[in-house]
Amino acid sequence: MYEKIVEYLLSSSYQIAFTGAGISTSSGIPDFRGPNGLWKVYSPEVASVEFLRENPKSFWEFYSTRMRGLFEASPNPAHKALAEMERMGLLKCVITQNIDGLHQKGGSRNVIEIHGTMTRSHCSDCFEPFKSEEVLKMIDSGQNPPLCKCGGVIRPDVVLFGEPVKEIERALEIASMADMVLAIGTSLTVYPANLVPRVIKENGGRLVVINMEETPLDDIADEVIRDKAEKVLPMIVEELKSKINVNGKS
Ligand code: NAD
């Protein structure tokens, strides 16, 4: 069913995955722009650096709810399938826009989180690190906004709107080595993250899009699968295994 994708994975030498919020929706974490996305309920400004500065209490009301959801979530078959591909030697790394840590929980080892992670926090003033679980406990005990000993407001280690993207240079360096990318569960609209699949395509590599809705890169993709990541990726792994077994025997 996914012969072309299987063939691309087997014939490429440096395959990577570029993932977005859609890979985690079946783990119970809403995306931003999908049909049940967060921006249908909240205004994107709540995730901005200005909002944190001006309304730290409301910022944490929004973020602590998100954090609790993320901590309770488990990896789904899509995260596990990518980890399996890495173990099979058919995926060099996952570059993710997600901040939920589910790729690592699902078994992926080489993960670049270009928008940071919810699992850690730090003081906005003195940069003292905190575990996000500790910060949630402060909020539970009535300390909102959560404050560092120095008096600074604690914030999550995530890239907020209005801030530069972490590790984008490293992600683009990896993209420049890759000859195939699986873009999964991402609207491919967030800049500069969306340069990753673009660079690979521009360098003559292959682009496969697996997303429930249209994306701006569908036109230049070698293959577009408009279906759920958690259904498609395990099937690709099964097809890869049967192909490798058949070829191994023959
Ligand atoms: P996005 O919300 O812009 O797009 C998600 C896409 O995934 C949509 O096009 C949607 O149709 C598709 N989708 C939803 N469920 C799917 C499924 N089961 N299978 C396949 N596709 C599915 O998300 P984005 O492109 O990642 O970019 C927006 C930002 O969202 C990122 O910066 C990221 O930091 C942030 N974000 C992350 C999380 C998370 O960590 N899980 C959650 C929400 C938002």
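Me: Is Trp60 buried or exposed?
Reply: Trp60 is buried, because its relative accessible area is 0%. Buried means under 20% relative accessible area, exposed means over 50%, and partly exposed is in between (1.4 Å probe, protein chains only).

Me: What kind of model is this?
Reply: This is a predicted model, where local features need pLDDT of at least 70, side-chain atom pairs count only at pLDDT 80 or more, and totals for chains, interfaces and linings use all residues. Residues are numbered from 1 along each chain as its sequence is written, and side-chain values use heavy atoms, with hydrogens and water left out.

Me: Which aromatic pair is Phe59 in?
Reply: Phe59 pairs with Trp60, edge-to-face, at 6.0 Å centre to centre and 80° between the planes. Rings of Phe, Tyr and Trp (its six-membered ring) pair if their centres lie within 6.5 Å; planes under 30 degrees apart are stacked, over 60 edge-to-face, the rest tilted.

Me: And why is the pair of Phe62 and Tyr63 edge-to-face?
Reply: Because their planes are at 85°, with the ring centres 5.3 Å apart. Phe62 is buried at 5% relative accessible area, and Tyr63 is buried at 3%.

Me: How many aromatic pairs are there?
Reply: The count is three. Phe59, Trp60, Phe62 and Tyr63 form one aromatic cluster.

Me: New topic. Which residue lies over the face of Tyr63?
Reply: Arg66, at 5.6 Å from the ring centre. A charge sits over a ring if NZ of Lys or CZ of Arg is within 6 Å of the ring centre and within 35 degrees of the ring normal.

Me: What about Tyr14?
Reply: Lys92 lies over the face of Tyr14, 5.9 Å from the ring centre.
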